[in-house]
Structure formats: structure tokens, C-alpha cells
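Begin by looking at the sequence and the model.

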Amino acid sequence: MLSLYVFFFLSAVTLVSAVMVLLSKKPIHSVLYLTLTFFTLAGHYIMLNAQFLAVVHIIVYAGAIMVLFLFTVMLLNLNIEGEFQKSTVMKFVAAIAGGMIFLVLIGTLKSFDVTTVGDPSMTQIGLVKNLGKTLYSQYLMPFELSSILFLSAMVGAVMLGKKDKN
Amino acid sequence: METTVAQIQVIPLQYYIIFCSALFSIGVIGVLAKRNALVIFMSVELMLNSANLLLAAFSAYRNDPAGQIFVFFIMVVAAAEVAIGLALLVVVYRSTKTIDINALNRLKW
């Protein structure tokens, strides 16, 4: 029963901070609320007994991606009060469209019978040992390819960020 | 370990689906309603994260490690995407002195 309360608490914090990402005027506040969202999502991963994913999520998102966002905001001096706002009509339309997507996603859930399956004695797949075995045997090729992806992303970012000579 | 396993069984899978749908919808609203390119990137991150959490939930409930491996790869791709996207944003800012999405309308018509 306790886990249910923890789930509701984490979900509430995640949704509120996700909404605050959109509502806050300054970009730096959005980044900080986004970090809060990432931490609560890591809590969700821990609830799912996916410890490896929780750690990787914190390292990658709260570590790397948040720093990237913060540095972009700070280096470009973008922390201005949002002077470009969409018109109220456009905001309403966007909210209605997003709400429609939510309704459709929930509506499809109604027509399916999602049974909570799973063998309770075997839910240790999220541990580092078991995930590592799968990753380095079955998914070794994509794992190695992702290193090439990272290399090309790094080269691309440096190339784009370099100042033009002329 | 027994207690964590029992915890997983307590929360119905539907709750995760509803929660992730809500998070995804918030991301969609952010992409549609904002003009700041940085906030749009953040909304895309929200959408990616909601899909990630749902994949992890399904894989944990079905005892299939492939889902969590997929989440790992999505995180890898998301990190590369953010690096490139922010570099592009810097380039755009240098040439137009703004990150307003509406300033980039040259390919519109």
C-alpha cells in the first residue's frame, strides 16, 4: 500500500513540475523544474526495481543534459523574461490539442484489458548484472554502434559550435 | 528483495499508462504552445522520458529485459540529440540574435 502512495506522490510532483516547465517565464526556471522532473522520474525507475536505469537516468539527464541546457542559457545570456509569447488563442488551441491526445491515449486504454502480468519471483531484470548480460550478448552490436553515434554527435556539435573564419 | 517484488505487483499497470500519457500530453502542449526554442527542446525531452518510463514499466511487469535495454539506447540517442540540437540553437542564435521559433520562417512558404 505504501508503494501506491509513493507512486502517487512521485507522479504528482512529476506532473506539476512538468507543467511548471511550460508555465515559468524564465528559461532557467524551466531548466530547474525539468531537473526536478528528471529526479522524480528516477524515483519511478527505482519503484520499478530498475536500478541501472535509475542511475543512468540521473547521470545522463540530471548530469549531462541539464548542464548542457544551463550552459546554453547562461552562455548565450538567454535568461530574458519571455517577451515572445504566442497569442492566447494559439495557447488555447495547443492545450485543446494536447488534451485531445491525452483523451485518445486514455480512450484506447479503455478498450483494452491491460492485465498486470509478470512472475513476481523473477523481477530482477533491472539489476546491473542481468541487464549487462543481455546488453553484452544479445545487443552488443547496437551498443557498439551507439559509440559511433556519440562520436559523430560530438564531432557535429564541435563543427557547429566553431566560429566561422570569415 | 521480496518487498520490492511485492511493491511492483501492487501498482496496476494502468496507472503507469495514464501517468505517462499525461506526461506525453504535457510535452505535446509545450511543443505547440511555446515559441522559445529552448523550452520546445525541454518539452521534447519530457515526451521522450514518458515513453522511456512506459517502456521500463512494461519490461518490468513482463520480465523482459529487452525493454530496459531499449530505454538505455533511447537515452543514448537523446543525449546525442540534445548535444546536436543545442549546438544548432547556438548557431541559430548567432545568425538571428534570437531563439524565437517564429524568426525562422524563411522556409515557410
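**Helix against helix across the chains**

Which residues in α3(A) and α3(B) meet? From α3(A) come Leu53(A), His57(A), Tyr61(A), Ile65(A), Phe69(A), Thr72(A) and Val73(A). They meet Leu38(B), Phe41(B), Met42(B), Glu45(B), Asn49(B), Asn52(B) and Ala56(B) of α3(B). By class, this contact has 9 nonpolar, 4 polar and 1 charged residues. (Ala, Val, Leu, Ile, Met, Phe, Trp, Tyr, Cys and Pro count as nonpolar, Asp, Glu, Lys and Arg as charged, and the others, Gly among them, as polar.)

Helix α3 of chain A spans residues 51-75. Its axis and that of α3(B) come within 12 Å and cross at roughly 175°. The two helices are therefore roughly antiparallel, a term for angles over 145 degrees.

**Basis of the model**

The model is predicted: local features need pLDDT of at least 70, side-chain atom pairs count only at pLDDT 80 or more, and totals for chains, interfaces and linings use all residues. Residues are numbered from 1 along each chain as its sequence is written, chains are lettered from A in the order in which they are written, and side-chain values use heavy atoms, without hydrogens and water.

**The whole interface**

Chain A gives 82 residues to the contact and chain B gives 74 residues. Contact means heavy atoms within 4.5 Å. The area buried between the chains is about 7400 Å². Carbon and sulfur atoms give 78% of that area. (Buried area is the accessible area, with a 1.4 Å probe, that two parts lose on being put together, summed over both.)

**Salt bridges**

Across the interface of chain A and chain B there are 0 salt bridges. The whole structure has 1 over all chains. A salt bridge is a side-chain nitrogen of Lys or Arg within 4 Å of a carboxyl oxygen of Asp or Glu.

Asp100(B) and Arg35(B) form a salt bridge through their side chains, at 2.3 Å from N to O. Asp100(B) lies in the segment after α4 (65-96) of chain B, and Arg35(B) in the loop between α2 (13-33) and α3 (37-62), so the pair ties together parts 65 residues apart in sequence.

Definitions and conventions: Helices (H or I, at least four residues) and strands (E, at least two) are DSSP runs, numbered from the N terminus. Axes are lines fitted to C-alpha atoms, for helices over the stretch in contact, and angles run from 0 to 180 degrees between N-to-C directions. Angles under 35 degrees count as roughly parallel, over 145 as roughly antiparallel, 65 to 115 as roughly perpendicular and the rest as oblique.
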